[in-house]
Amino acid sequence: MTEMVRLSNVSYSIESHVLINGVSLRVDKGEFVALAGENGAGKSTLLKLIMGLIKPSDGDILIEGTSTRRQKVSTLARSVGYLFQNPDRQLFGATIRQELTFGLDFLGVSKDDGERRVNETLELLNLNPDRAPTSLSRGERQRVALASLFVRRPTLLLLDEPTTGLDYRECSQMMNQVAALNRESGVTVLMITHDMEVALDFSERMMVLSEGKLIADGATRSVMRDETSLRRASLVPAQMVALAQRLGLAPGEADDAESLADWIADNARGGADDARHS
Ligand SMILES: Nc1ncnc2c1ncn2[C@@H]1O[C@H](COP(=O)(O)OP(=O)(O)OP(=O)(O)O)[C@@H](O)[C@H]1O
Ligand SMILES: [Mg+2]
């Protein structure tokens, strides 16, 4: 596994307030990791540290082996795409096409290549290039913000609650596009989410942050069964995981709808047979 991000004992304080407290973690290239935690746990602060927007008070952060202390944010922004918690903070263009084209020449992308990337992305995310970002719904604005990251072809995507405020259809569209990008181009994804169903469906690994400390890090299905950590971070596990756990199944044994339904059908039949034989 090639390392993408490494935090070694990172702390971050503002005056005497400790926002991030001794966090160490590693994310490898191509991984899809969810980051969860209660409100105010420090999740957004952690992403801003990784993006280099703020520097650690203590410890070190390496992105592809280079410390964020030794890199300018503008250099990091070439390979790291950051989707803000509020998409309106990053939309400036008069039209969607302008929004996507903006800054590509600064990255050294030729005009032809830029046009090709913009057209591909417009199609992929089903966006009308002539509309003004300000005239769109929240879900559409979120898609434009995501598109403006996609055209830059980042190697690391940092997503801060990308599905908040989206309806079910918008949410699954958005997540499927991120998943496709992760699968097809191998972009590493680190995504903050409060939605445990989204975390279960899309991330193979989950980290839990609580009061600035990393309190859990492991396979999503196993972390979701860690009741103590989840409770500390005010999280409720995805329903499939909770049900599988109540039925006494091991993590991964049957925790998607289809295999759970099969398991229940088999065991209900077994139970009925047992009753008849007694
Ligand atoms: N610039 C700042 N100055 C002082 N305190 C701050 C600053 N930014 C954030 N904080 C505080 O740091 C803590 C962590 O904030 P952060 O935004 O990282 O949390 P979060 O986990 O992203 O929360 P949410 O789920 O609400 O988005 C909070 O208590 C917040 O009030
Ligand atoms: Mg936040």
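Begin by selecting strands S3 and S9, which pair in the parallel sense over 5 bridges; strands, like helices, are DSSP runs numbered from the N terminus (helices are H or I with at least four residues, strands are E with at least two), and two strands pair if DSSP finds at least two bridges between them. What you have open is a predicted model, in which local features need pLDDT of at least 70 and side-chain atom pairs count only at pLDDT 80 or more, while totals for chains, interfaces and linings use all residues. Residues are numbered from 1 along each chain as its sequence is written, and chains are lettered from A and ligands numbered from 1 in the order in which they are written.

Now widen the selection to the whole sheet, which is open, has 6 strands in the order S6-S7-S8-S3-S9-S10, and shows mixed pairing. Strands S6 (80-83) and S10 (213-219) stand at the edges, and because each has a single partner strand, one side of each is left without a neighbour in the sheet. On average, neighbouring strands of this sheet are turned by 15° against each other, direction ignored, where the axes are lines fitted to C-alpha atoms, for helices over the stretch in contact, and angles run from 0 to 180 degrees between N-to-C directions.

Select S8 (residues 188-192) next, where 5 of its 5 residues are buried, a residue being buried if 20 or more other C-beta atoms, placed from the backbone, lie within 10 Å of its own. In a regular strand the side chains alternate between the two faces of the sheet. In S8 both faces are covered, with Thr188, Leu190 and Ile192 buried on one side and Val189 and Met191 buried on the other.

From S8, move to S7, which runs parallel to S8 and is joined to it by 5 bridges; here Leu159 stands opposite Met191. S7 (residues 156-160) is also joined to S6 by 4 bridges, again in parallel, and Leu83 stands opposite Leu159.

S9 and S10 pair in the antiparallel sense over 6 bridges, with Lys213 in S10 as the bridge partner of Ser210. The two strands form a hairpin with 2 residues between them, and Glu211 in the turn has a positive phi of about 45°.

Leave this sheet and select S2, S1, S4 and S5, which in that order make an open sheet of 4 strands with antiparallel pairing. S2 and S5 (66-67) are at the edges, each with a single partner strand, so one side of each is left without a neighbour in the sheet. Helix H1 packs on the sheet and touches S1, S2 and S4, its direction making about 60° with that of S2; contact here means C-beta atoms, placed from the backbone, within 7 Å.

Finish at ligand 1: which element gives the largest share of its shell? That share, 3 residues, comes from H1, and both S2 (17-28) and H1 (43-51) supply at least two residues. Among the surrounding residues are His17, Leu19, Lys43, Ser44 and Gln85, where a residue is near if its C-beta atom, placed from the backbone, lies within 6 Å.

Terms used: A residue is buried if 20 or more other C-beta atoms lie within 10 Å of its own, exposed if 12 or fewer, and partly exposed in between; C-beta atoms are placed from the backbone. Two residues are in contact if their C-beta atoms, placed from the backbone, lie within 7 Å.
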